[in-house]
Amino acid sequence: MKLKSSAILAMAIGGLSLMACNGNQNETTETESVEVEVEFEEERSELQQELREMEAEIDREIQRLEAEKEEASDELKAEIEEMEEDLRGEKSEIEKAMEEVENASENTWQDVKTSVNKTAEDIENEWKKLKTNVGEIFKKD
């Protein structure tokens, strides 16, 4: 009988130990989940800010081109209008990327982040080319 009681006591202690370990594991998982969510929100916020800055820069450039176009020759006006159209296309891509970022969930974040970073890189490269072209066009005038 004493052996049976000892065995039951040992099982009870073991069960309590497992329950305590499980509780710690749940706390760890919950903490990790909160950390992932905070990281996701921070990354999303940073990416949104970068996209807003790119959009604002494009808007400023469109305004500058509009002002230059008023005093430009007809030939130059046509080139400026083409550049403005390119800029509006780039702005449209930024707006799409911003929407993707806004609609991203923690589950889709890595794919969205990769896609949007690629889009931003492509826009940045186009932006550099466009700035060079703008500079060359205004040298002609």
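A salt bridge is a side-chain nitrogen of Lys or Arg within 4 Å of a carboxyl oxygen of Asp or Glu. The views below come from a predicted model.

**View 1. A salt-bridge network links E66, K69, E81, E84 and R88.** K69 sits in helix α1, which covers residues 2-70. K69 is buried, because its relative accessible area is 14% and the limit for buried is under 20%. Leaving aside residues up to four places away in sequence, K69 touches K77, I80, E81 and E84. Two of these contacts, E81 and E84, also belong to the network.

**View 2. R64 and E61 pair within helix α1.** Their salt bridge has its closest N and O atoms 2.9 Å apart. The two residues are three apart, about one turn of the helix. R64 is partly exposed at 35% relative accessible area, whereas E61 is buried at 11%.

View 3. The side chains form a salt bridge of 3.5 Å, N to O. E93 is partly exposed at 33% relative accessibility. K96 is also partly exposed, at 47%.

View 4. E126 is partly exposed at 35% relative accessible area, and K129 is partly exposed at 49%.

**View 5. Glutamates form a negative surface patch.** Its members are E35, E39, E42, E46, E50 and E53. E53 lies in helix α1. E53 is partly exposed, with 45% relative accessibility.

Conventions: Residues are numbered from 1 along each chain as its sequence is written. This is a predicted model: local features need pLDDT of at least 70, side-chain atom pairs count only at pLDDT 80 or more; totals for chains, interfaces and linings use all residues. Side-chain values use heavy atoms; hydrogens and water are left out. Helices (H or I, at least four residues) and strands (E, at least two) are DSSP runs, numbered from the N terminus. Buried means under 20% relative accessible area, exposed over 50%, partly exposed in between (1.4 Å probe, protein chains only). Contact means heavy atoms within 4.5 Å. Patches are made of residues with over 30% relative accessible area and no salt bridge: like charges are joined within 9 Å, nonpolar side chains (Val, Leu, Ile, Met, Phe, Trp, Tyr) within 5 Å. Accessible areas come from the Shrake-Rupley method with a 1.4 Å probe; for residues, only the protein chains shown count as cover. Lys and Arg count as positive and Asp and Glu as negative; His and the chain ends are not counted. The place of a charge is taken as NZ of Lys, CZ of Arg, CG of Asp or CD of Glu.
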